[in-house]
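Welcome, and please open your viewer. We will go from stop to stop, and at each one you will get something to select.

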Amino acid sequence: MTSLLIRGAALLGSEPADLRVRDGIIVDRGSLAVEASERVIDAAGLVALPGLVDLHTHLREPGGEASETVLTGTRAAAAGGFTAVHAMANTSPVADTAGVVEQVLRLGERAGYAEVRPVGAVTLGLAGEQLAEIGAMARSAARVRVFSDDGHCVHDPLLMRRALEYVATFDGVVAQHAQEPRLTVGAQMNEGSLSGELGLTGWPAVAEEAIIARDVLLAEHVGARVHICHLSTAGSVDIVRWAKARGIAVTAEVTPHHLLLTEELARGYDARFKVNPPLRRDEDVQALRAALADGTIDIVATDHAPHPAEAKECTWAEAAFGMVGLESALSVVQQAVVDTGLLGWADVARVLSTGPAAIGRLAGYANPLAVGTAANLTLVDPSHRRTWSVDDLRGRSTNTPYRDRELPGRVVATVFRGVPTVIDGAVVDPDIVAAAHLEVRRG
Ligand SMILES: NC(=O)N[C@@H](CC(=O)O)C(=O)O
């Protein structure tokens with residue numbers, strides 16, 4: 001029997017209480033006495049949150065193992081307080097068949113650090129020409145509910161319409177990477193006076209906004225759910241706000257980096273700051289924060305995009321788009337919207353756990369920290385501050401934009417299905433995690 005007592009954590013940031021976890025389930029909460037042979041975590045001064053859920057993670061396996069694997073990516077996830085991640089489909093081969101999504105699912109189960117929910121491609125090979133095996137992926141063991149060509153926009157409106165109609169039949173969702181391809185040919189950074197000054201091809205806000213406007217109208221027309229990935233402009237917020245007021249079933253995400261960083265970082269031509277969509281103006285950052293606070297933007301998703309050193313240590317124009325973000329997500333959210341008074345910790349639980357789980361139709365996250373639910377939780381020390389370095393990363397790639405930047409907060413412990421995957425800020429060894437899951441399953 002595995003029993004764990006978490007003592008004195010502020011549950012969702014409110015009054016301190018104890019939580020008892022046994023055989024993978026939260027079995028009691030309140031003021032609890034230690035039982036014999038129980039493992040105790042002293043959580044005084046820490047905030048207890050439900051395990052975080054990422055709707056947008058690039059785990060790179062199969063095919064991109066030089067950047068990340070399911071094992072290394074889920075270790076990074078655990079370090080960041082996540083207990084579930086949605087693995088994006090832009091792997092090699094692309095996750096566009098039942099076979100590939102089941103492979104990713106099994107790799108996640110074997111790793112044991114987090115629930116890995118494969119995202120299925122919308123179009124075959126992400127080529128934007130014909131629909132992928134959407135039904136077969138939905139019916140497979142991976143039970144795919146989120147479909148995305150992320151990295152590419154589903155730009156053909158007829159294909160987008162068909163995909164929306166198809167996923168609606170089993171309550172799935174299309175997560176659109178909103179980027180009008182013709183308006184972003186060769187684009188390198190946000191379009192504006194700074195892109196002119198730096199001599200980099202601009203990426204206009206309208207390239208994102210035009211696709212979002214089209215897709216909320218399509219979703220309304222066919223009566224389907226649509227999710228918008230990584231909103232980055234104030235105009236995108238206005239469109240989503242309008243669509244929600246009209247009753248359209250649209251949800252939207254923002255990344256931690258778009259809540260904190262601006263295009264000014266492109267000045268040094270350091271490709272760690274090159275990302276898709278690009279970092280925008282401070283006005284956009286402020287609009288995104290306000291939209292997250294008022295519910296126009298539903299969730300925060302990391303868009304963790306690992307790349308090998310050679311893809312980043314080159315000229316800006318040659319470099320790959322993307323930043324790693326799993327380990328730092330909670331700290332960035334704390335800095336951008338908690339320490340600024342826009343969100344409380346219960347809101348953080350909503351935007352980083354219950355919300356993404358609901359969009360992905362992921363079971364077990366609806367009642368955070370409730371007795372009787374699966375013991376997926378994270379303990380955070382909000383008073384901690386540190387200057388980030390690559391030593392704080394647990395994945396295989398080091399392309400963090402936060403190196404040498406001070407950020408608040410620290411994930412002290414993560415518990416996945418009752419098994420600690422992070423203790424005292426350190427990721428637990430894979431063999432120990434695997435053995436502990438076995439013990440929990442035996443009950
Ligand atoms: N977000 C990113 O900057 N990169 C993503 C895909 C993408 O280009 O959106 C990646 O897979 O590397």
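Which residues of helix 10 are buried? Select helix 10 (residues 329-338) and look: they are Ala-329, Leu-330, Ser-331, Val-332, Val-333, Gln-334, Gln-335, Ala-336, Val-337 and Val-338. Because 10 of the 10 residues are buried, helix 10 is largely enclosed by the rest of the structure. Here, buried means that 20 or more other C-beta atoms, placed from the backbone, lie within 10 Å of the residue's own. Helices are DSSP runs of H or I with at least four residues, strands are runs of E with at least two, and both are numbered from the N terminus.

Before you move on, two notes. This is a predicted model, in which local features need pLDDT of at least 70 and side-chain atom pairs count only at pLDDT 80 or more, while totals for chains, interfaces and linings use all residues. Residues are numbered from 1 along each chain as its sequence is written.

**Next: the annotated site**

Select His-56, His-58, Asp-150 and Asp-303, where UniProt, in an unreviewed entry, places the feature "binding site"; such annotations may be inferred rather than shown by experiment. They are spread over 248 residues of sequence, yet they cluster in space, with a largest C-alpha distance of 9.7 Å.

Zoom in on His-56, which is found in strand 6 (residues 52-57). His-56 counts as buried because 28 other C-beta atoms lie within 10 Å. Leaving aside neighbours within four places in sequence, the contacts of His-56 include Cys-229, Glu-253 and Asp-303; contact means C-beta atoms, placed from the backbone, within 7 Å.

Now go to Asp-150, in the loop between strand 9 (146-147) and helix 4 (157-168). Asp-150 is buried too, with 27 other C-beta atoms within 10 Å. Not counting residues up to four places away in sequence, Asp-150 touches Met-88, Ala-89, Asn-90, Ala-175, His-177 and Cys-229.

**Next: the ligand**

Show the ligand and its surroundings: among the residues around it are His-58, Asn-90, Asp-150, His-177, Asp-303 and Phe-321. A residue belongs here if its C-beta atom, placed from the backbone, lies within 6 Å.

**Last stop: two domains**

Colour domain 1 (3-47 + 373-442) and domain 2 (51-360) separately; the bounds come from an automatic or database domain assignment. Their C-alpha centres lie 26 Å apart. The contact takes 33 residues from domain 1 and 43 residues from domain 2. On the side of domain 1 that touches domain 2, select strand 17 (406-416): strand 17 gives the largest share, 6 residues.

Methods
Contact = placed C-beta atoms within 7 Å. Buried ≥ 20, exposed ≤ 12 C-beta atoms within 10 Å, placed from the backbone.
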